[in-house]
Amino acid sequence: MSRQAQKPAQRGARAYRAGASGRWRSWGRHHRAMARDSAMRLLRHPLSSLLTMLAIAIALVLPAGLWLALDGARLLDAELDESATLTAYLAERVDDSEAGRIEEALAAQQGVADTRLITAAEGMAEFQQSLGLEDALARLPDNPLPASVVISPVDPSPEAVRRLADELEGLNGVEEVRLDLAWLERLRHLAELGQRVTLALAVLFGMGVLLVVGNTIRLAVENRRQEIEVVTLIGATHPFVRRPFLYSGAWYGLGGGILAWGLLTLGGDWLSGPVSALAASYGASFALPTLGIGGSATLLACSTLLGWLGAWIAVSRHLAQIRPR
């Protein structure tokens, strides 16, 4: 018997196992296909897709707008910090030469950034000019105003300014140190309250985005229920079935983020004129803050992530209820 006759014939299909690179390419192709297919499904129903994205945009505009308002308050707070000063009133017996020496002593103190001496005559002149009572105050026999030193602290925080005021009041020739920090503390308390309100609203409206996307994806799952049952019968896994719906949720979130960015930009342009005019009426210059590149990227990333997460929750819940028949 020949050697070929002794060798058994090989029959049947051969098993083929793809390598890691092949599986990676297949995985990437499927993701790209699902992303395109999800986008095309949204474009086939433009009105309903636009309304869903608009609902997401409205939910994102309020916390993002409050965040911008707080950013503007921080800029204003920084300007107020730069203008925070103390006024050290000198004793009445101090003349101009001694006032100059006291100013040098105050400037040498730790925590003092800058000083400016206002003599008694200069103080009276400023007082007359501010009140418009030059003739009436000129009849006074003596100048009742003491010399003073305006002090700019290195650290403008209320705690540091209070400590500096207590230290300066103990110097020889200094009668009293005046500071008014109540308005600055109120502003900072309001800013802290605004931050917490913004965080709470961001969480609440983020949950609203999850509900909007989740309800939309739930309807899409129900509309494609038979298709899901068929592909599950032939061996499709839950990640495979879930993937197109996740991309749909991400597209909804990205579209809502783009609309929210547009609404915020238009609103900022609409309000910039009145805000600038109001600041100019007080002799200041102030411009509304904008999102910028970093803020815009954060807004779009958060909206896309919320859309993806809402879709994942909705699909995972409903896939567990679908059983092939």
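Analyst: Before the sheet itself, a word on pairing: two strands pair if DSSP finds at least two bridges between them. Strands here are DSSP runs of E with at least two residues, helices are runs of H or I with at least four, and both are numbered from the N terminus. Keep in mind that this is a predicted model, where local features need pLDDT of at least 70 and side-chain atom pairs count only at pLDDT 80 or more, while totals for chains, interfaces and linings use all residues. Residues are numbered from 1 along each chain as its sequence is written, and side-chain values use heavy atoms, with hydrogens and water left out.

Now the sheet. Four strands make an open sheet in the order β2-β3-β1-β4, and the pairing is antiparallel. The edges belong to β2 (112-118) and β4, each of which has a single partner strand, so one side of each is left without a neighbour in the sheet. From one strand to the next, the twist averages 20 degrees; axes are lines fitted to C-alpha atoms (for helices, over the stretch in contact), and angles run from 0 to 180 degrees between N-to-C directions.

Two helices pack on this sheet. Helix α4 (residues 96-107) touches β1, β2, β3 and β4, and its direction makes about 170 degrees with that of β2. Helix α7 (residues 158-169) also touches β1, β2, β3 and β4, with its direction at about 170 degrees to that of β4. Contact here means heavy atoms within 4.5 Å.

Let's zoom in on β1. Antiparallel to it runs strand β3 (residues 148-153), joined to β1 by four bridges. You can find Thr87 opposite Val150 in β3, and Ala88 opposite Val149. β1 also pairs with strand β4 (residues 174-178), again in the antiparallel sense and over four bridges; there, Tyr89 has Glu176 as its bridge partner. Of the five residues in β1 (residues 86-90), four are buried, so the strand is largely enclosed by the rest of the structure. Buried means under 20% relative accessible area, exposed over 50%, and partly exposed in between (1.4 Å probe, protein chains only).

Stepping back to the chain, its secondary structure comes to 11 helices and four strands. Of its 325 residues, 33% are buried. Among contacts between residues at least 6 apart in sequence, 80% join residues at least 24 apart.

The patch is formed by Leu47, Leu51, Leu54, Ile58 and Leu263, which together have about 480 Å² of accessible area. Leu54 sits in helix α3 and is partly exposed, at 36% relative accessible area. Patches take residues with over 30% relative accessible area and no salt bridge, joining like charges within 9 Å and nonpolar side chains (Val, Leu, Ile, Met, Phe, Trp, Tyr) within 5 Å. The areas come from the Shrake-Rupley method with a 1.4 Å probe; for residues, only the protein chains shown count as cover.

Finally, the structure holds one salt bridge, meaning a side-chain nitrogen of Lys or Arg within 4 Å of a carboxyl oxygen of Asp or Glu. The side chains involved are those of Asp37 and Arg41, at 3.0 Å from N to O. They lie four residues apart in helix α2 (residues 20-44), so about one helical turn separates them.
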